[in-house]
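Dear colleague,

Please find the structure below, handed over for your review. My notes on its salt bridges follow.

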Amino acid sequence: MKKVALIFALLVLSKYSLLAQQTRYLSDPQSVYKQAKEYFQREQYSLAYPLLKELELQQRETDRSNSAIEYQEVKFYTIVCGLKQNEKGAADKAVEFINLEDNRARVEMMSFHLAEYYFRQNDFTRAIDQYEQTSIDNLSNQEIADLKFHEGYAYFTVQRFDKAKPLLDAIRQSKDNPNYAAANYYYGFISFYDKKYNDALESLRIVEDHPEYGKVAPYYISVIYYMKGDKQKAFDYAESKLKRGGLFYEKEMQQLVGHGYFMQEQYAKALPFLENYAAKASKLTREDIYEVAYCHYKAGSWTKAIDGFKQLGGKEDSLAQHSMYLLGDAYLKTGQKVNARNAFLFCSTNNSNSSQREVSMYNYAKLSYELGYQDVALTELQKFLQTYPSSTYTEEARELMVNVLANTNNYKDALALLEGLKSPSPLARKLYPRILYGRATEMINDGMLVTAGELLTRAEALPSNESILPYIQFWKGEIAYRLAKTDDAIRYYFDYLKTGAVNGEVNPSNAKYNLGYCFLRKENYKQAQGFFEQLYTTVKINSSSLEQDAYIRTADCYYMSRDYKKAKSMYDKVLDYSWPASDYATFQNAMIAGINSGKEKINLLSSISRKYPTSSLIPDANMEIAGSYLSNEQYREAIAYLKNVISDPNSSLKPKAYLRLGIAYYNLDNNTEALKQYAVLLQQFPNSPEAEEALENAKSIYVEEGRTSEYVNFARSMGKEISTTQEEQLAYQEAEVQFNNGNFPAAAKKFEDYLGKFPQGKHSLEALYYKSEIYLNQKDWAKAVTGYEALSERVPNKFGEKSLLNAARLNFFDVKNYEKAEKYYSKLKEFATTQENKLEAMRGLLRSQFQLQAWDKTTDNAKELLAQKGIGTDDKVLANLALARSYQRNAQYSEAITSYRNVASLSKAAYGAEARYEIANCFFIQNRYSDAEKAAFEVINKAGSYEEWVTKAYLLLGDVYFKQKDYFNAKATYQSVIDNAKMETLRQEAEKKLAQVVEEEKTKSKVDN
C-alpha cells in the first residue's frame, strides 16, 4: 500500500516539475527547440510536436527573416512530426514545403517522410512518387533500409515487379534487417512470377515457417517443386506442411497432395485430400471432378462415383468419353440399366477412343433391347453391325437383332425390314408369319380391313405359321364378316374353332357369337340359335353384355322359327332383369302379341315411349302401331302415330310414314290431304322406293277425280317425267349389256354417256351406282366417290344406304377428305336400316371428327356409341378416346386418365399408342413425375410401330428428368431424340430443350467449363 502511494506521489511530482520546466523553456526558444529535437530524435513525436508547434506560432516575422534557417528547421520538424502522427493536414503542408523551400536536403528528406506517410495510408502510388524524389544522401541507414523495403513493397503492390525486385533483393541480403523475412517473401513471389523458380525457392524457404508468411509460402514452394519436375518432392512437402496446419492455401495443397497420390494410383490415400478440396472450392475443373469420381469408382463407392462422372458429359474430349464409359459401368454395377444406357449413348458418340466407342455402341444397343426400347435397339444394332462388321461382338449382336424382331411390337418397321432383306436367315423367315399377323391386327384396329386381310392371306400361306394360324383364321373370319362375305366368315370361324386357341379377343366365345350372327344374316335360325345358346348357361341380372346379347338373339331365333311361346318367355326374362335391351324385348313381345291380339300389341308398343323415352325403337313402335290400325282399317287412329314418326328428327322411316299417311287420308276420303302427303314425300325424298308408289297413288286420285291433265303438271312439278323416251331407254340398255357381259371399262363409259345426256333419267340411279361399283373395283377412288356422292345426295333411294357407306369410306380412307367423310357418315347414321351400318356410321363419324379436331362434337357421339348394344372393341376404343380428349381439354386429368386407360387396355394400335402417351402427359401436367416416367416407358415398350408417340414419349421423359434436375438423363434423352428422330419437328423440339438443359446446368454446377 505504501509502495502504491509512493508511485502516485512521484507521478504528481513529475507532473508539476514538467509544468515548471515548460514555463521556463517557453521563455527560452533555443532551449525549447533543443528539447523538441531531442524528443524527435528519440522518436517521441507526440512530445516534440507541441513544442515545435508553439515555437512556430511564437516566432515573430523578424525572427523568421533573420533566422530563416532556424525557422525552416522548426517548420520541417513540425511537419514531419505531423506526418509521423498521421495528421491529415500534414501531407498538404509537406507538399507545400517541398514545392516552396529551397533547401534541397530538407526537401528530399521531406519527400521521404511524406512517402512514408502515404505508405502507411496504403496510398502506394503517391508513396512511389515521393520515394522516387528522395535521395539517400541525407537519410540514416535505418531510413535507407526502410525506404528500400517500403518502396519495393509499394512497387510490388502496384505490380511493377521490375522496380520492386532489386529493392527487395537488397533488403533480403541482410539477415539483421527487420524486414528480412518480408523482403524474402515478396522477392520470392516476384521470382515465382518471373518463373525464376530457384530464386523463388531460395527466398520462400527462408519464410516457410514464419508465423505470418509461413501460412502462404509452403503452397508456392510445393508448386515450384512440381513445376521443376520434382513432383514426388512437391507432394511429400505439401503433405508434411498440411500436417502442421494453419495454411492459407490449405485446400489447394490438399488438391496437390491428392493429385500426387492419384498419379501414383494410390486412390484410397488420394480420396480424402481430393474430397476436402472439392468440398471447399467454389469452382472445380472437370479434371478435379474426374479424379474424385475415379477414386470412388476404384473404392467401389458407386453412388459417389456416379455423382461425379455424370457431371462430365457434354464434351467431345477423351475425359468426357472415359467418364461416360466408367459411368455406364457404375450404373450397371448398381442395377441402373436405364441410366447406364444413357451413359453408353454419350460414350458411343465420342470418337476419342475407338475401342471404348465400339463397346459402348454395343452396350447401348443391348441395353435398349433389354429395357424394351425395341425400335432403338433395332436401329443401333444395324448401325453397330455396319460400323464394326468384324467386332468380337458381331455374332452376339446378330442374335440380339433376331430377338428384337421376335419380341417387338413394332410390326410395321419389322415387316419393312424383313421384306428389305436380300437373304433373310432361317430364323428371320420363321418370324415372318408372326410379323405379318401382328401388322394385320394393327391395321384391323385402325379400320384398314382390306389391306389387313391381304397380310393375313400371306401369313396363312407361309410355312412356320402353326403358332398363329388359329388367330389368322379368326381375324380372316372377322374381316370377311365386316365386309359382308358371310360364307367366307363362316368357313374361317369353323377352321378356328377346331383349334380352341385363345389370345385376348381371339377366343371361342367370340367366334361362336360371330357365327351366330353369320347364320342370322343367312336366315338359318336353327344354326344361329345353336351358336348363341353355347354362349350362356343360366343368365343372371348381371350377365355380361355378350351373354345378354346372345340370349336375346336366341330368342329372336325362336321368334323367327315361330316358336313364339319360347321366344316370349325369353323376352320376359330380359324384362325381369331390366337389361339394357328391355325396349327391344318389349317390342318383340308386342309383335308376338299381335299374332292374336292387335289391341295388346298396340298397348305394348305404346308403352315403349313411356318406359324407354330415349329408345331408338320408338319410331319403329309408332310405325307398327300405325300399321296395325291401317290393317284394321282404323285410318284415323293411325294418323297420330304416323305423325310421331315424321316428327322424329332421326327417323329413317319418314318416307314410309308419309306414304302411309297419304293412304290413311285417301281412305278417309280426304284426297286433298292425301295429295299433300304424297307431294311432301316426292319433294323431300324423291329417290326413295316409296316415291314411285306415292306417284302412282297420286295418279289414281287424279284419275278418280277426272283431273288427268292436272296429274301431268303435278308429276312434272315433282321432277318426274311421265314417260321415258326411246333414246334414253336405248342408251341405258346399251350400257347395261356391257355390264352384264362383264366388259366393265366399256360399261363405265356407257353409263357416263347415259348420265351426261339424262342426269335425272329414269335409270340414273342405276347408272350412277353401277359405274361407281366398277370404278371401286378398279380402285379409281376419285371417280368412284363422285358417283356414290351423287347417289348420297338423292337418298333415300334403293342404293342410298350402300352409296352413303361407300362415299363415307372412300372419303375417309382413300381420298382423305374428312369434311365430306363426316357429312356422309352423319347422313348414313340417319338413314341406316341395319345395326351394322349404324355402328359403322357412328364409328366413322367419330374418326372423321377426330381428323377435323371437332372435339365438341365427338363427346356426344362417343357416349351414344358406347350406349349401343353389341359394339366391338374398336368402337369402345374410339368412344373412350373421344371422352378422354374432352376431359383433358377441360383439365379433368383424372377422368381423362381413366378413359385413356380404357383405350390402352383395348388397343395395341395407333389409338392405344396415343392413349398411353396421353396418360403420361396427364401425369406430367399434374406434377406426378414418377408416374409420368413409368407411363412414358410403357409407350416406348408397347407402341413401337407408332413413331410419333414413341418419340413424344422420349421427349416427355426428358421433360420429367429436367423437372427433377436430373440433367444427365435429361441431356441423354433429348440427345437420343436428336440422333434418331425421323420427324423433323420433334427433332428440332429436342434440340431446343437440350439447349435449355445445358444452360440451366451451367448456372447450377460447380464445374468450371
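Glutamate 836 is partly exposed, with 37% relative accessible area; "partly exposed" lies between buried (under 20% relative accessible area) and exposed (over 50%), using a 1.4 Å probe and protein chains only. Please note that this is a predicted model, in which local features need pLDDT of at least 70 and side-chain atom pairs count only at pLDDT 80 or more, while totals for chains, interfaces and linings use all residues. Residues are numbered from 1 along each chain as its sequence is written, and side-chain values use heavy atoms, with hydrogens and water left out.

Glutamate 836 forms a salt bridge with arginine 521, at 2.5 Å from N to O; the term denotes a side-chain nitrogen of Lys or Arg within 4 Å of a carboxyl oxygen of Asp or Glu. Because glutamate 836 belongs to helix H47 (residues 835-852) and arginine 521 to helix H29 (residues 508-521), the pair ties together parts 315 residues apart in sequence. Helices here are DSSP runs (H or I, at least four residues), numbered from the N terminus. Arginine 521 is also partly exposed, at 30%.

A second pair joins glutamate 822 and lysine 857, with the closest N and O atoms 3.2 Å apart. Glutamate 822 is in helix H46 (residues 818-831) and lysine 857 in helix H48 (residues 855-866), so this pair ties together parts 35 residues apart in sequence. Glutamate 822 is buried at 14%, whereas lysine 857 is partly exposed at 45%.

Finally, Arg205, Glu208, Asp209, Lys241 and Arg244 are linked in a salt-bridge network. The structure holds 49 salt bridges.

Yours sincerely

Conventions:
Helices (H or I, at least four residues) and strands (E, at least two) are DSSP runs, numbered from the N terminus.
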